[in-house]
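Let's take a tour of a protein model, stopping at a few spots along the way. Have the sequence and the 3D view ready.

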Amino acid sequence: MQRHMSYLQKHPSITRSRVNNFINDNQWKDVNIKATLYDMRISGEPHVQLEAWSAPGQDRPTFEHAVKQNFKPAKVGQLFGPSWTTHWFRVTATIPESFAGKKVLFMFDTNSEAMVWSDNGEPILGLTGGNGGERHVDYLLTKCASSTESPRTFYVEMACNGLFGNGDYHVHPQDREIYYQLSSAEIVAPNESAWQLFHDLEVIVEMANRLPQESPRSWQALTAANDIVNVFEHSDLSTIEPALEIARKFLSFKTSEASHSVFAIGNCHIDTAWLWPFAETKRKAARSWATQLYLMEDYPEYRFAASQAQQFQWLLENYPSLFKRIQKKAKDGQFIPIGGTWVEMDCNLPSGESLVRQFLLGQRFFKQHFGEYCDVFWLPDTFGYSSQLPQIVRLSGAKYFFTQKLSWNNINKFPHTTFRWIGLDGSHVLCHMSPAETYGAQCRPGELIDSVKRHKDIAYTNESLYLYGNGDGGGGPLRSMLERLRRMQDVDGLPRVKQAHPREFYKHVEDTARELVSWKGELYFELHRGTYTSQSNNKRWNRQSEFLLRDAEMLCTVAHIRSLANNNSEFEYPSDEFTRLWRMVCLNQFHDVLPGSAINMVYRDSDSIYKDIFESVAKIRQNALYSIYGHHNIVEQQDMTKDIAFLNTTVWMRSDMVKVPESLVSRLLSGFGSDSHSVQRSAVDKDNVFALVNNVPGFGTSHLSNQIYRANTATTIMTEPVVRSVHVYQNASKDSFVMENTFVRIVIDSNGHITSFYDLNEQRELVPKGEMGNVFELYDDVPLYWDAWDEEVYLREKFKPLDGVDLAIIESGPLVASISARVPISDQSVLTQIISLSAISPRLDFDCEIDWHENRKSLKTSFTWDINSDFATYETQYGVVQRPTHRNTSWDLAKFEVCAHKFSDLSEYGYGVALLNDCKYGHSTLGNTTSLSLIRAPKAPDEHCDMGSHKFRYAIYPHKGTFSESNVVQEAYQFNVPLLQIPLGTSSGSQMVTTTAAEASPFFSLTGAPNVVLDTVKVAEDDKSSYIVRLYEAYGGHGRALLTSRLKARHVQKVNILEEPIANDLDYKDDDSTVKWLQHSRTVEVNVKPFEVVTLKFSQ
């Protein structure tokens, strides 16, 4: 018997622990391989001289500014801070003669993020300090030192924040004061052979740990690792070479031709804002990407992908020389711009047009600066994927999609890895979700093994994408990752690994896959449902900015094209400013900003951005109105107003109840006496009156003076008024209020609950006996982990119903009836509500103000209807989705909270009820009860989330017929897009006004297809004499629409969302039957498919 035989097969777990200890930074590091990684090190003067300058406040000065400042001596152990401050170091390093012949590094650890700069101002690489897995603090001084090295001077820009902000955001606010210690500044000489052995062992040991324990290859890995430990002696460096020989022998065995193929791509997912503000992201991108260029010099096989045009734009503005270096590496094929969007946006909350602009801005940027569009839509980390994305992606010139986020589902495992994703309209993209289930892989054998084990479609396609590199806070791949990847590229026991452009992977799948499964509809994310509601005001500003930009672009297009037709330069379309504004809107739609999951500093920034947007849009819109209506006709002072023009920016005729100045109405009524059937003096707002504005044409105008004239002259002829009054009264028992108009009768009890909603025309009661509507419920909102992100399935188990008090009639008709109510929520919070019914609609409006100061609570309102349906309809971008109202399966149950835009609808045969809103997105329907999430109170990562005052509106809109037979889409638009009031200094009878467009025919009209919506009008990106009109089919059916334009055009062409002809895309091939231009009538005949988005380019 051999006395020194290991018998490791009898105690494999002990041997695994032994070899793991050999490579770990633990109590044995003075005798294991860690003890040999550096041959020499030296610190302190005269070899290391440190000087520092601290920037004031939270300034982030440029290199040029910083180096001119007064630097003072600094030392290791010194603290720098507080959080979010910046400190610059001037470092002078002199390599000792004893280092001659060795590779020499400088190690600089601030326990924070930092950037190394050359003495001539070139960013070289980023540093990440501390002891985490993201740590990299070394900077190459020379590959081979001479015996007479001159001093080297360089700079280090220290940011007082870590890769993930400032400490645990679940516990501490991110703007607290933290100080960071400079813990090392030293010159070191690494032992390159010891490092090679260390990287070999990292691969071999993990193969022993992660391969099936009974497999021969696992035993071989364990034996090799154990033999290396037996050969190695830390005090005798000559033992490294025989240990390396053992490792080389093990790694020399190749994988088989039939092995799974892994296409590896480096990346560093950088959240454009999250636990840090936008300003820090600008530096994160520079630090991360400079590091990757640094690594590419040593690893020519390395491929790195970066998304988000916004971050490239920041780099271009702030680091132009680094941007040029990236452009060169992009031409060489190592640095790969990818994604095609402005940021990696949220895909639930932005409007359809916002998603279009993400691609329009992103693709144009990549084309301009890198010479090509992106064909891979890259979105590894967002909180669900709208069912209209496949169509929008295809219309942007891309056809592939990558994500992995659905691997986080907390109820059901998504069943596919590589599949065709089919959208609402039938468009499809080739989708892949990395089976490694991360975008931040660390290049370890276990992750590659998981890429095979977790691949759900391996029967059809034997390859996968593998994204590696530190992410979220940036950083990216490290040298150690690339070393491990080299060793794993072709080794028995693991899949074959190839560094490649993601496009190569997708093309390989297209060429080799036997067949692929399909998934139709949304990719619903079964987590982070609270992001539909968190940061209420931010969501409100987003909705408003989307509609304000819509109106402004339409008006500016009209003004601009009319100016061109008149051969003058009276109005110039502000293309650059619209680009700037849309970039800001899209920036705020980043997937940790708009969803509400960023720190408080980010929302201070986003509030400022929205303020900028609102102010700029107001000026732009006013200039366009001056051009359309005549500058001399529009007044700004109320006492000079002689009339009001109401502009309808929807495409259908509408009637609305509006508020207008009382003084103006009194003047206009002077010829008719003090009473009018078209106005109502407000009981609570003495300065304004309600006015009925009837039949304003789509994209056209009507005047208050004409409205009043028509209403009052009509009533002198007819015995009945034009509009029957609305009434409100308290019942005899004083326990409820009744509101009634021509359409409905509504009973509201003393608690503010709707106990009856009766359709007078259909003779139908909508509220079941014993049930109610407008019921406020306060829920305990304590998720399992992700505070601002999550609303959990158990939330609905624990709640408190809230009753309204102090109900009172505040408006009594004849045009508007209103009841006010106060809803105490707690000792700290209260909601006030005005419930209104107008004389012209069955729609019941709820205007709410809330003063909210809760801790991890959620407020919802719910309505129960006498309607039976297995599904409810929810608005999404450019269409609707239907989701179950039951919980039959775990897939149904998982959708207990879903996203919708302007409405949800519950309909059965013959009848339905829609719940409209002006800024809310969280919805649910269970059985016949539909709910709207109003506000939450998470405490992390923003400890002040939603504290304070908020305004929002919602409404109930009953309708005859199913949803598809209704006008709910149009009603929801009107609820969000009020008539635009234009104060005029001349009356509508003035010739000057009528000739400048006031009561002229509409700018656009759309007939023949009530299911088609005209959503966008804008000037073309590259041709200011052309304009774009975007339509979509909203209900899920075919349509033949006739679009007539008052603006001059000679040619109309169907284009994609990049405003380029789409004939080259076989899936979107244009033909004469789709678009037909009838120039003599300036009308386009468009055949539209269900949920299709159609973009038309009108040219001169």
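## A helix to start with

How many residues does helix α4 have, and how far does it reach from its first C-alpha to its last? Helix α4 runs over residues 216-231, so to speak a stretch of 16 residues, and it reaches 22 Å, close to the 22 Å expected at 1.5 Å a residue. Keep in mind as you look around that this is a predicted model.

Now for the buried side of things. The buried residues of α4 include Arg217, Ala221, Leu222, Ala225, Ile228 and Val229. An α-helix has 3.6 residues a turn, so residues three or four places apart point the same way. What do the buried residues of α4 pack against? Their partners are α1 (12-23), α3 (192-210) and α5 (240-251).

## Into the core

Next stop, the largest nonpolar core, which has 265 residues. Trp289 and Phe1004 are the ones with the most contacts inside it. Helix α16 (residues 600-629) supplies the largest share of this core, with 13 residues. There's also a second, separate core of 32 residues, and Val48, Phe106, Ile124 and Ala189 are among them. In soluble globular proteins, nonpolar side chains tend to be buried together.

Zoom in on Trp289. Not counting residues up to four places away in sequence, Trp289 touches Cys268, Ile270, Phe304, Ala306, Ser307, Gln311, Phe312, Leu315, Ile326 and Phe335.

## A glutamine in a loop

Gln404 sits in the loop between β17 (400-403) and β18 (418-422). Is Gln404 buried or exposed? Gln404 counts as buried, because its relative accessibility is 2%.

Leaving aside neighbours within four places in sequence, Gln404 is in contact with Pro380, Met433, Ser434, Glu437, Thr438 and Tyr439.

## A stretch with a label

UniProt, in an unreviewed entry, lists residues 526-610 as "domain: Glycoside hydrolase family 38 central". In the model, that span is 65% helix and 0% strand, and its end C-alpha atoms lie 30 Å apart.

## A hairpin to finish

Strand β54 (residues 1075-1078) has side chains that alternate.

Which strand does β54 join? Strand β55 (residues 1083-1088) runs antiparallel to β54, and 4 bridges join the two. Leu1078 has Thr1083 of β55 as its bridge partner. The hairpin has 4 residues between the strands, and Arg1082 takes a positive phi near 50° there.

Technical notes. Residues numbered from 1 in each chain as written. Predicted model: local features only at pLDDT ≥ 70, side-chain atom pairs only at ≥ 80, totals over all residues. Heavy atoms only, no water. Expected span 1.5 Å × (residues − 1). Buried < 20%, exposed > 50% of the residue type's maximum accessible area, 1.4 Å probe, protein only. Contact = heavy atoms within 4.5 Å. Core = buried A, V, L, I, M, F, W, Y, C linked by side-chain atoms within 4.5 Å. UniProt positions renumbered as here; feature names shortened; annotations may be inferred. Pairing = 2+ DSSP bridges.
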